[in-house]
Amino acid sequence: MKRLVAWFDERIPLQGLVEFLGKKYVPLHRGSVWYYFGGVSLFLFIVQVITGILLLLYYKGSEQLAWESIQFIMSKVRFGWLIRSIHTWAANLFMLTVFIHMFSVFFEKAYRKPRELTWLTGMGMLFLGMGFGFSGYLLPWNELAFFATKVGTDIAGVLPVIGKPLMIFLRGGEDVTGATLSRFFGFHVAVFPGLFTVLLGIHLILVQRQGMSEPPGSDAAPNRRVMPFFPNFLLRDLLLWLLVLNVLAILAVFFPSELGRKADAFASAPAGIRPEWYFLFMFQSLKYIPSQVLFMDGEVLGIMLFGIAGLLWMFVPFWDRKSSRGETNRVVNYIGLFVVLYIVLFTILGWVL
Amino acid sequence: MRAYRLIRPALVALVAALWGAAPGMAADECLRCHEDLGGMIPSLFKRDVHYAHGVTCAGCHGGDPTTNDMAKAMDTSAGFIGIPKGDAISTTCARCHSDTMRMKAFGSSLPLRQWEDLQASVHGKLSGVGAGSAIQCVTCHNAHGILRVQTPASPVSPLNLVKKCASCHSNAAFMRTFNPSLPVDQLDKYRTSVHGALNAKGDSKAAQCVSCHGSHAILRATDAKSRVNPVNLPATCATCHSNAVYMKAYGIPTDQFEKYANSVHGVALLQRHDEAAPACNDCHGNHGAAPPGVTSIANVCGTCHTLNAELFAGSPHKKVFDEQKLPECETCHGNHEVPTAEISMLGVSAETVCSTCHSESDNVRGFAAARTMRSLLDSLIAMEETARNLVDEAEQKGMEIGDAKFSLRNIRQARLETRTLLHAFSESRYRPVVEKGIVQAASVRSEAEEAIHEFYFRRIGLGASTLVITIIAICLWLLIRRIEKKGTLSDAARDG
């Protein structure tokens with residue numbers, strides 16, 4: 001074993017990495033629990049990659065075969081039902097943990113200098129995660145997915161100037177067809193994973209290089225406590241991953257993914273079309289905006305407001321100067337609190353109404 | 001009412017005065033002059049119902065009927081319009097016939113929407129070379145010499161009407177200009193019908209064209225509002241055929257509609273509006289309506305139930321039924337009351353149709369065949385039900401069982417085939433179809449059972465994997481505890 005390690009060490013200087021890990025510490029404070037959500041998100045992403053590759057062995061991304069291939073996976077492939085159900089549930093849990101991770105970073109002001117790039121790459125991954133969800137929702141090519149994609153791409157189409165070309169680009173034509181399925185499949189299994197891997201690599205390297213951020217003020221506290229990253233924090237992470245794996249298995253067995261009826265472009269839209277839950281707050285908000293607000297189309301206004309809000313949120317490290325200086329910025333906290341309440345409230349409204 | 005009777009002559013005189021000359025007034029100079037000129041018109045008009053009510057030539061043609069100066073009488077400034085053309089003919093009639101007050105003054109009880117109905121009818125909508133409606137009032141009622149419908153000499157009296165309608169509808173060259181696909185043999189067919197025969201004998205109660213199609217408001221049969229649209233037709237026939245008083249003289253039952261409405265055909269057509277289901281005319285004919293004879297019943301039913309008819313024709317029953325002069329389909333299924341063909345019709349128990357002729361001591365071969373066929377069908381139905389229940393159970397458990405669910409259709413298909421094949425009354429032909437269904441049902445059952453088994457396997461598998469993960473998690477937790485017993489480090493310890 002020692003010889004093997006020495007062989008590798010001669011070629012890749014492992015000693016440096018071991019020393020780095022040995023000296024890596026995780027700060028302990030009242031908000032340390034939030035550190036775990038980054039790790040859980042990473043674990044769920046790994047689950048997605050593995051189950052996604054397994055599904056890819058049988059899935060066929062064409063209008064004629066997509067639904068049938070999923071039906072085959074669910075009924076004929078050994079443990080196919082389990083893999084697909086875990087893939088679906090892990091996707092949902094991933095979005096949940098990513099949101100929690102993002103808000104914890106926001107409220108702990110972990111985005112402040114020098115971690116602006118970590119925040120930006122994280123936001124990039126959040127948007128890609130939403131893209132994964134939106135593109136993956138269509139892949140079973142069932143009625144609900146078909147019409148939800150139609151509605152979703154319709155919303156993109158109302159944007160001024162870029163709306164129509166964007167909608168045609170997303171759909172691969174004027175309507176949601178087999179061409180849309182093909183390109184969503186391409187985005188889902190090639191484009192998004194490639195981009196995500198790059199962002200994830202940068203994100204992880206930055207986290208490792210810069211260490212865990214601590215809330216303003218706590219790094220200067222007397223009797224500051226830390227925990228070794230290796231093995232303490234890593235083992236705790238592993239323990240949590242195991243628990244999440246258990247939850248995934250329970251969800252997959254008791255609430256397996258449904259397939260629904262095959263999409264039919266000529267059928268009337270089924271009742272209860274709605275997007276995945278993490279789009280629901282935006283979808284519901286658009287419903288409440290009047291069709292005409294002053295001189296603007298209500299839907300266009302809504303999308304633009306969400307776009308501006310998203311950009312402001314993304315660039316918070318650059319306009320929240322106070323936090324970067326280590327000062328308390330209550331306004332940012334209130335904004336964050338408002339956003340959380342807004343998302344929770346409108347998601348619930350979208351779900352129950 | 002009595003007061004109205006008293007003032008009626010005065011009202012008629014008043015309206016006639018307003019509308020032209022009236023009896024008792026100065027002679028109708030138009031009529032007098034035209035009589036002198038000769039021709040048929042004046043004599044026809046003197047028989048006219050309008051003339052009897054005091055309406056003069058000027059009532060329709062305008063002008064001044066009181067002067068014998070032709071220039072003054074036929075002066076357009078005096079309202080003379082000459083011979084109306086196109087829709088002006090009917091609008092001239094409608095000036096009185098659509099006017100409540102005028103018609104009331106004449107003591108008429110005629111409907112007041114005749115012109116409106118005609119305009120909305122198929123005749124009103126088919127424009128004759130751009131000259132308004134295809135037919136005008138005078139097309140059927142004539143222009144001069146118009147008689148009451150009840151008057152035998154009227155061209156639209158019950159006994160003359162068919163000829164009047166046929167004057168256009170039997171003229172292939174004329175009808176081609178409006179609707180080339182419309183048959184022109186209605187009158188010929190009608191003459192072969194029971195209605196036509198009675199009409200020819202002078203029975204004015206027998207149905208003729210307007211009895212079914214209506215008079216002014218005639219619509220295409222494809223129009224949902226038409227009295228002869230398939231969905232409305234049974235009710236149209238029933239207006240006479242369900243009227244016991246009206247039909248008394250003919251000595252035929254009057255419960256056909258009631259029976260039909262509850263039959264498998266009636267429910268399909270009247271309740272589900274399934275126009276594939278037969279209405280009265282599909283079995284009896286429409287213009288040539290007559291009850292099908294014993295020998296033709298199978299042919300009539302066979303127009304829709306083709307396979308059943310073919311199988312029956314090759315079955316052992318065919319010869320026997322012919323010999324005994326039994327109406328083929330009707331013997332087992334009835335005629336107007338045809339019920340849904342249930343499984344209870346087949347077999348040897350008292351309520352079955354087979355037991356009417358077959359018993360253990362009489363026609364024993366048929367008895368044995370009926371018993372075996374019923375037993376086979378019972379087995380298929382039981383297997384199908386079991387398979388369906390298992391598929392439902394697997395589905396309720398959230399299992400993906402689309403293939404098995406689809407195969408259920410094959411079992412149903414086999415069961416439907418047995419319904420048709422039954423008409424061959426041959427056990428050797430019946431058995432393979434039933435067995436095909438039973439094999440399908442067995443396959444679906446096994447697939448559904450496997451899915452249910454898989455459901456429980458998943459739960460056991462989940463229990464086992466949860467146990468393993470939990471044990472690993474506990475071990476990990478113990479390991480963490482052991483490592484952390486040394487306590488977390490302070491900054492100082494870390495740096496030092």
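The following questions and answers concern a predicted model of two chains, A and B.

Residues are numbered from 1 along each chain as its sequence is written, while chains are lettered from A and ligands numbered from 1 in the order in which they are written. Because the model is predicted, local features need pLDDT of at least 70 and side-chain atom pairs count only at pLDDT 80 or more, whereas totals for chains, interfaces and linings use all residues.

User: In chain B, in which helix is confidence lowest?
Analyst: pLDDT is the predictor's confidence in each residue, from 0 to 100. The mean for chain B is 88, and 91% of its residues reach 70 or more. Over residues 9-26 of chain B, however, pLDDT stays under 50. Helix 20 (residues 264-271) of chain B has the highest mean, 96, and the lowest, 48, belongs to helix 1 (residues 2-19) of chain B.

User: Which element of chain B gives the most residues to the side that touches chain A?
Analyst: Two residues are in contact if their C-beta atoms, placed from the backbone, lie within 7 Å, and by this criterion 24 residues of chain B are in contact with 26 residues of chain A. Helices (H or I, at least four residues) and strands (E, at least two) are DSSP runs, numbered from the N terminus. Those giving two or more residues to this side of chain B are helix 27 (402-421), helix 28 (427-484), strand 1 (489-490) and helix 29 (491-495). With 14 residues, the most is given by helix 28 of chain B.

User: How many residues on the side of chain B that touches chain A are charged?
Analyst: Ala, Val, Leu, Ile, Met, Phe, Trp, Tyr, Cys and Pro count as nonpolar, Asp, Glu, Lys and Arg as charged, and the others, Gly among them, as polar. On this side of chain B, 11 residues are nonpolar and six polar, and the number charged is seven.

User: How are helix 26 and helix 28 of chain B oriented to each other?
Analyst: Axes are lines fitted to C-alpha atoms, for helices over the stretch in contact, and angles run from 0 to 180 degrees between N-to-C directions. The axes of helix 26 (residues 364-396) and helix 28 of chain B come within 8 Å and cross at roughly 20°. Angles under 35 degrees count as roughly parallel, over 145 as roughly antiparallel, 65 to 115 as roughly perpendicular and the rest as oblique. Helix 26 and helix 28 of chain B are therefore roughly parallel.

User: Which residues in helix 10 of chain A meet helix 5 of chain A?
Analyst: Helix 5 (residues 80-107) and helix 10 (residues 229-254) of chain A pack at an angle of about 120°, with their axes 9 Å apart. Their contact has seven nonpolar, one polar and no charged residues. From helix 5 of chain A come A:Leu82, A:Ser85, A:Ile86, A:Trp89 and A:Ala90, and they meet A:Leu248, A:Leu251 and A:Ala252.

User: Where does the cis peptide bond from A:Phe230 place its proline, A:Pro231?
Analyst: The bond joining A:Phe230 and A:Pro231 is cis, with omega about 5°. A:Pro231 is found in helix 10 of chain A.

User: Is A:Val161 buried or exposed?
Analyst: A:Val161 lies in the loop between helix 7 (143-157) and helix 8 (163-171) of chain A, and its phi is near 65°, a positive value in a residue other than glycine. A residue is buried if 20 or more other C-beta atoms lie within 10 Å of its own, exposed if 12 or fewer, and partly exposed in between, with C-beta atoms placed from the backbone. Because A:Val161 has 7 C-beta neighbours inside 10 Å, it counts as exposed.
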